[in-house]
Amino acid sequence: TRAVGSETEVQILVQHAITLLEEIRSSDVIYTERDGDLFKVKIWNAGLPADLLARSLEGYSLDQPSFGRANRERQAIFEESWDAEQQGVPSSAVYRAVAFQPFFQDGEMTSVLIMASRTLSRWSERDRGIFQAVGQSLDLALDRARQTRTVTAQRDALDARTQELAAQTQQLEDSTRELQAFSYSVSHDLRTPVRHMTGFLQLARTALDGRLDERSAHYLDVVEQAGGQMNTMIDALLDLSRAAQRTLRPRVIDLNQMVKQIQTTLLPDQQSRHVQWDVPALPQVWGDWDALKQVLTQLTENALKFTRTRDPAVIRVRAEDQGEVWKICMQDNGLGFDPRYQDRLFNLFQRLHSDKEASGTGVGLATVRRLVLKHGGRVFAEGQVGEGATFGFTLPKGSPAVQPTR
């Protein structure tokens with residue numbers, strides 16, 4: 001037992017047991033393992049007869065009487081006055097007594113240690129005790145070896161996963177650097193040609209003042225609108241880039257105050273419309289003020305945009321306590337959308353409505369998603385065509401000091 005106390009290799013453990021039994025009783029010892037429906041010898045001592053070794057390499061089934069008995073009784077068995085013909089193993093006729101120690105895993109016999117004596121016809125109590133003690137020690141050692149292999153495999157899998165995560169982290173860092181470079185390119189390289197285009201457009205209007213026919217004037221208007229759309233797209237992409245690089249500074253935030261500020265900021269968009277707001281008391285939450293304000297502003301602007309054809313436009317803001325998170329919802333009675341495509345809404349440049357129905361860049365909701373993910377939450381959308389939509393997000397309760405406002 002001391003010899004195998006720290007060993008985890010099955011072959012070495014079994015060899016220790018074989019050597020010990022061989023020295024104590026000058027016995028032949030073999031160790032068989034299950035291979036399909038047969039138990040085939042894997043380790044044996046040098047004195048094993050060649051014809052018996054060949055038979056043992058072929059394997060024994062549970063139909064062999066002693067193997068079947070060991071499987072049934074699930075403990076060491078001792079066969080005395082060994083009858084090789086009756087046992088179905090004629091090549092074992094040199095032995096007079098044989099002992100079998102079965103080993104089990106998950107209820108199934110997986111291996112058997114066998115000790116055979118050429119001189120003894122009966123096993124003494126001392127012989128039985130030694131064989132059982134060796135068998136029990138080997139059983140414990142084999143179990144420990146299996147557990148060690150399992151732990152090692154799990155550790156190797158964890159190491160592989162760690163390496164994979166490290167590679168993914170490196171890829172993410174590379175992507176972040178590429179995004180930063182892209183942001184610089186957008187803010188400097190793309191704005192310049194657009195600025196030149198709109199500047200020369202104004203010069204052309206001035207130079208041709210009074211000499212433009214209706215068609216030419218329309219062409220210049222189209223170019224000017226395209227330049228404006230390009231500038232809007234550049235601003236949206238820059239917002240998305242900043243959202244990815246933003247460092248959050250979380251604190252306690254009163255959503256009631258934030259929503260009121262957003263309503264005031266967007267008041268000009270409501271003056272020529274009939275907008276009904278339904279905003280009950282909202283909770284205090286834990287998050288970055290600027291980031292969450294950008295999220296709620298984008299969702300509010302979307303609600304106002306997609307309810308332009310409604311009179312009245314109804315916008316509801318709700319907060320639901322879901323235990324570990326707050327669920328914040330912005331519901332409207334606007335155009336809605338086909339729910340089959342709801343997973344696309346928060347992807348970059350994905351739009352489900354034409355410019356005639358509602359203008360947009362397809363970047364705003366992607367920015368919302370990125371900011372919410374940085375808070376550890378998730379985004380969602382529900383809707384039906386012509387029946388309005390609900391956009392929202394979850395927000396983890398990051399600080400125990402945050403309590404709902406009643």
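## Charges over aromatic rings

In this predicted model, Lys327 lies over the face of Phe380, at 5.1 Å from the ring centre.

## Aromatic pairs

Searching the whole structure gives eight aromatic pairs. One of them joins Phe39 and Phe67 in a tilted arrangement, with 5.6 Å from centre to centre and 35° between the planes. Phe39 belongs to strand β2 (residues 38–44) and Phe67 to helix α3 (residues 65–73), so this pair ties together parts that are 28 residues apart in sequence.

Both partners fall under the 20% limit for a buried residue. Phe39 is buried, with a relative accessible area of 0%, and Phe67 is counted as buried at 2% relative accessibility. The two rings also belong to a cluster, in which ring pairs link Phe39, Tyr60, Phe67, Trp82 and Phe100.

## The five-stranded sheet

Five strands make up an open sheet of mixed pairing, in the order β7-β9-β10-β12-β11. Its edges are β7 (275–278) and β11 (379–383); each has a single partner strand, so one side of each is left without a neighbour in the sheet. On average, neighbouring strands of the sheet are turned by 15° against each other, direction ignored.

Strands of a sheet pair through backbone hydrogen bonds, in either a parallel or an antiparallel sense. The pairings of β10 described below are antiparallel, with β9 and with β12.

## Strand β10 and its partners

Strand β9 (residues 313–321) pairs with strand β10 (residues 325–332) over seven bridges, in the antiparallel sense.

Of the eight residues of β10, six are buried, so the strand is largely enclosed by the rest of the structure.

Note on methods. Residues numbered from 1 in each chain as written. Predicted model: local features only at pLDDT ≥ 70, side-chain atom pairs only at ≥ 80, totals over all residues. Heavy atoms only, no water. Phe/Tyr/Trp six-rings, centres within 6.5 Å; stacked < 30°, edge-to-face > 60°. Helix = DSSP H or I, 4+ residues; strand = E, 2+ residues; numbered from the N terminus. Buried < 20%, exposed > 50% of the residue type's maximum accessible area, 1.4 Å probe, protein only. Lys NZ or Arg CZ within 6 Å of the ring centre and 35° of its normal. Pairing = 2+ DSSP bridges. Axes fitted to C-alpha atoms, helices over the stretch in contact; angles between N-to-C directions.
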